[in-house]
Amino acid sequence: MSPSFDPQFWMGGRHATELMEVTEDPSKLNDGNFWAITSDFKGKFTAARFNKVETNTSFNFTWKPVSGKWQSSFNQNKYCAYVKEIQNEIAAGNVYQVNACRVLTAQYDQSIIGLANKLISENPAKYGGYLGLPGIEIASASPERFLTRVNGNLITSPI
């Protein structure tokens, strides 16, 4: 669902508000402004430019737990086969790290900004955060930085 709050981004003590632009064009990132970026499981790139970025701000929203039934994109057998495939790829030397993911879904009639607040306040994950845009809402409890751009350099810091 679309967030019921104004579009915003929060991660690592940085809170970005006043959404200026949403684009799927990565070349726009060269303008020197603050951008929050994401991509979906299919690789669709989305970038959001915010006008106002504050540091060390509080993030305080109430979480109402999901009361409905959760569904997984994998049943137990499919998930176990997926993990075994990953183990085989690691053993073969084709990869050294894989984040095994599955999609969990449940009916929920409000913004997940409260979930993001709960994750940020109760989980020591340094890069936990929230991104709320029209049609996109993400709550994250990530312990690792995905990408940071400093001048012309991209920095990644995996676990």
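Reply: Helices (H or I, at least four residues) and strands (E, at least two) are taken here as DSSP runs, numbered from the N terminus. On that basis Ser-111 lies in the loop between β6 (104–105) and α2 (113–122). The model is a predicted one, in which local features need pLDDT of at least 70 and side-chain atom pairs count only at pLDDT 80 or more, whereas totals for chains, interfaces and linings use all residues. Residues are numbered from 1 along each chain as its sequence is written, and side-chain values use heavy atoms, with hydrogens and water left out.

Ser-111 counts as buried, because its relative accessibility is 5%; buried means under 20% relative accessible area, exposed over 50%, and partly exposed in between, with a 1.4 Å probe and protein chains only. The side chain of Ser-111 takes part in a polar contact of 2.3 Å with the side chain of Glu-137, and it also reaches the backbone nitrogen of Ile-113 at 3.1 Å. A polar contact is a pair of N or O atoms within 3.5 Å; within protein, one must be able to donate a hydrogen and the other to accept it, and residues adjacent in sequence count only if both atoms are side-chain atoms.

Of the 159 residues in the protein, 26% are buried. Contact means heavy atoms within 4.5 Å, and among the contacts with a separation of 6 or more, 58% are between residues 24 or more positions apart. The C-alpha atoms fill a box of roughly 45 × 45 × 30 Å, taken along the principal axes.

A search of the whole structure finds zero disulfides, a disulfide being a pair of cysteine sulfur atoms within 2.5 Å.
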